[in-house]
Amino acid sequence: MSKPALTELLHAAVAAVGGTERPGQAAMAEAVAEAVQDGRHLLVQAGTGTGKSLGYLVPALAHGDRVVVATATLALQRQLVERDLPRTVDALHPLLRRRPQYAMLKGRSNYVCLHRLHEGVPQEEDDGLFDPFESAEPTSRLGKDLLRLRDWSDETETGDRDDLTPGVSDRAWAQVSVSSRECLGASKCAYGAECFAEAARERAKLADVIVTNHALLAIDAIEGAPVLPGHDVLIVDEAHELVSRVTGVATGELTPGAVNRAVRRAAKLVDEKAADQLQTASETFERLMELALPGRLESLPEDLQYALMALRDAGRTCLSALENTRDSSVQDEDAVRKQARASVENVHDVAERILLDSEFDVVWYERNERFGASLRVAPLTVAGLLREKLFADRSVVLTSATLKLGGDFNGVGASLGLAPEGLGEEAGETPPWRGLDVGSPFDYRKQGILYVASHLSPPGRDASRSDMLDELAELVEAAGGRTLGLFSSMRGARTAAEELRGRLGTPILLQGEETLGELIRRFAEDAETCLFGTLSLWQGVDVPGANCQLVVMDRVPFPRPDDPLMSARQKAVEEAGGNGFMAVAATHAALLMAQGAGRLVRATGDRGVVAVLDPRLERARYGGFLRASMPDFWYTTDRNQVRRSLAAIDEAAKRS
């Protein structure tokens with residue numbers, strides 16, 4: 001019997017999820033099917049409303065080989081596993097004459113560990129957690145969370161933290177989860193047969209479609225020990241996030257707190273000499289970190305070299321001692337030993353990596369008001385890693401609403417380790433790929449206006465920008481509220497919120513004053529309300545309809561000039577003869593502005609304005625590159641025209 005046509009399969013799937021067929025979705029599905037069939041790579045930009053999930057799921061399921069889908073956000077993972085995949089599989093089953101299986105797989109620390117939950121591991125932080133009475137009443141919020149987790153573990157089928165509602169703090173979850181380094185292993189653990197993480201892995205081995213996240217994909221690529229089952233097709237959704245997520249996984253960190261934790265854990269199991277050596281190294285490192293000033297370390301100061309050598313050598317001594325000694329008097333010795341080894345290994349490995357002083361790593365001090373100083377090391381670029389590990393043995397499809405920056409895919413392609421489109425194939429050096437923009441179902445030029453306030457003074461690092469605040473207040477007033485304010489810093493968001501709360505009667509919600517979910521819910525429910533915030537709002541708000549009709553960006557969101565990693569990457573491009581500003585800073589800003597502008601039009605009936613209160617978008621040479629990365633809104637610098645348009649949109653929303 002002949003295979004059903006892709007158009008027939010897509011039609012059945014779209015009907016099953018209650019969607020509408022889009023030309024862009026059909027074009028995407030055809031391109032994905034072709035790439036998968038030929039074993040090639042594809043970058044697809046699919047605008048909001050295209051239905052890109054089905055655009056890649058249908059051809060992947062039709063192909064029949066195992067597929068891994070990696071996403072950046074929990075919301076999309078849930079949508080795929082709880083909505084799109086069940087309905088699509090049901091719809092395609094009669095046509096394919098088979099029922100593809102699917103499963104979710106995350107890193108081990110995302111699942112509750114039954115051994116840690118029931119047996120526990122002596123934890124320095126837990127003193128006073130429970131009252132020493134038979135009733136074991138909790139004495140703190142942490143205690144209440146742990147009791148709730150214990151009850152939940154008896155009911156849950158997955159053990160997945162994201163299935164726990166309401167959630168618990170990171171501190172509480174840390175008491176009941178383990179990293180892969182800390183895990184005893186199913187064969188050695190009394191709870192191995194019931195382990196939630198192992199059960200998730202077994203389900204993944206049997207599945208045709210495995211839904212995971214960018215972080216686990218990065219771990220699978222970086223650590224060499226496969227975490228994901230073998231597969232023929234990899235689909236990376238929300239692919240604009242991939243480089244930053246891989247960089248995060250590849251970043252090492254040393255803090256006095258982490259080193260002290262390693263000392264405490266190892267001291268229970270190693271001889272006094274080894275413990276003292278690590279303790280002395282820890283104290284030296286802590287004294288050094290008290291004086292550390294934030295910023296990049298282009299060469300390692302002598303005192304830091306000595307401190308790191310002491311940590312590395314003491315770590316090596318302790319690891320050897322942990323391997324060669326046993327102490328049956330320690331309760332649950334295997335688990336305690338695993339935890340100690342994981343802590344000491346991290347200290348040893350990061351110290352050794354920094355001491356290598358590789359030209360491919362960036363090292364810097366960071367200082368946080370809450371957590372104090374840390375020493376960090378990150379790869380200068382992950383392009384080579386991705387080229388080698390991601391694209392070598394499988395067909396890869398990367399998709400997002402924002403992959404085409406400045407008019408082409410080459411900027412994003414370069415960050416992924418790909419040569420400019422078409423050139424890699426000719427040179428035979430990098431995997432062949434093509435980019436495809438399937439457009440959007442929205443008529444951006446009719447639905448939205450891009451307004452640049454070219455009359456304002458350009459933003460300076462320390463300027464108060466009173467003219468910008470005046471402009472913002474007038475725009476919000478004209479829009480009748482309905483405003484999402486996207487700011488490049490929390491300080492800017494806070495200043496604007498305080499200023500407008502004093503001037504206008506409009507309710508202003510500020511990121512950090514409530515949970516993000518609660519803030520977005522309140523913003524979506526009240527037309528007069530505004531929501532101001534920073535990075536997570538640029539990408540994480542989906543409020544279709546009349547309650548979000550003005551999106552304001554206070555300035556072009558270039559990385560901070562003192563950002564050690566970004567400035568190092570920019571310098572490296574310049575030393576190689578390229579334009580570091582355009583390759584790093586402008587590309588970073590373009591990606592964020594494309595994402596931020598995408599918050600405005602989320603449905604076919606949406607109308608509104610994206611206002612950028614930074615004249616550089618109009619005046620600077622790079623302005624055209626940034627504007628070309630954003631949706632094709634009608635463009636103006638006429639402040640009076642925009643106020644009239646906002647007032648008309650507000651009036652129409654009130655009437656409807």
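Predicted model: local features only at pLDDT ≥ 70, side-chain atom pairs only at ≥ 80, totals over all residues.
Strand 5 and strand 10 run parallel, and four bridges join them. S395 lies in strand 10 (residues 395-400). The bridge partner of V233 in strand 10 is S395. Is S395 buried or exposed? Its relative accessibility is 3%, so S395 counts as buried; the cut-off for buried is under 20%. Beyond its neighbours within four places in sequence, S395 is in contact with A35, V36, G39, R40, H41, D232, V233 and L234.

Helix 9 (residues 214-222) comes next. Which of its residues are buried? They are H214, L216, L217, A218, D220 and A221. The cover over the buried residues of helix 9 includes strand 2 (67-71), strand 4 (209-213) and strand 5 (233-236). Helix 10 (242-249) and helix 15 (383-389) are also among the covering elements.

Now turn to R312. R312 sits in helix 13 (residues 302-324). Its side chain makes a polar contact with the side chain of D313, at 3.1 Å. Leaving aside neighbours within four places in sequence, R312 is in contact with H348, A351, E352 and L355.

There is also an open sheet of seven strands in the order 14-15-13-16-17-12-18, with parallel pairing. Strand 14 (508-510) and strand 18 (634-636) are the edge strands, each pairing on one side only. On average, neighbouring strands of this sheet are turned by 15° against each other, direction ignored. As a general point, strands of a sheet pair through backbone hydrogen bonds, either parallel or antiparallel.

Strand 13 (residues 483-486) and strand 15 (residues 530-533) run parallel, joined by three bridges. Within strand 15, F532 is the bridge partner of G485. Helix 20 (residues 490-503) lies across strand 14 and strand 15. It runs at about 155° to strand 14.

How many aromatic pairs does the structure hold? It holds seven. In one of them, the rings of Y444 and F633 have their centres 5.4 Å apart. Their planes stand at 90°, so the pair is edge-to-face. This pair links distant parts of the chain, 189 residues apart. Y444 is in helix 18 (residues 444-447), while F633 is in the loop between helix 26 (623-628) and strand 18. Both Y444 and F633 are buried. Ring pairs also bring in F442, giving a cluster of F442, Y444 and F633. The charged end of R627 sits over the ring of Y635, 5.0 Å from its centre.

Key
Residues numbered from 1 in each chain as written. Heavy atoms only, no water. Helix = DSSP H or I, 4+ residues; strand = E, 2+ residues; numbered from the N terminus. Polar contact = N/O pair within 3.5 Å; in protein donor to acceptor, adjacent residues only side chain to side chain. Contact = heavy atoms within 4.5 Å. Pairing = 2+ DSSP bridges. Axes fitted to C-alpha atoms, helices over the stretch in contact; angles between N-to-C directions. Phe/Tyr/Trp six-rings, centres within 6.5 Å; stacked < 30°, edge-to-face > 60°. Buried < 20%, exposed > 50% of the residue type's maximum accessible area, 1.4 Å probe, protein only. Lys NZ or Arg CZ within 6 Å of the ring centre and 35° of its normal.
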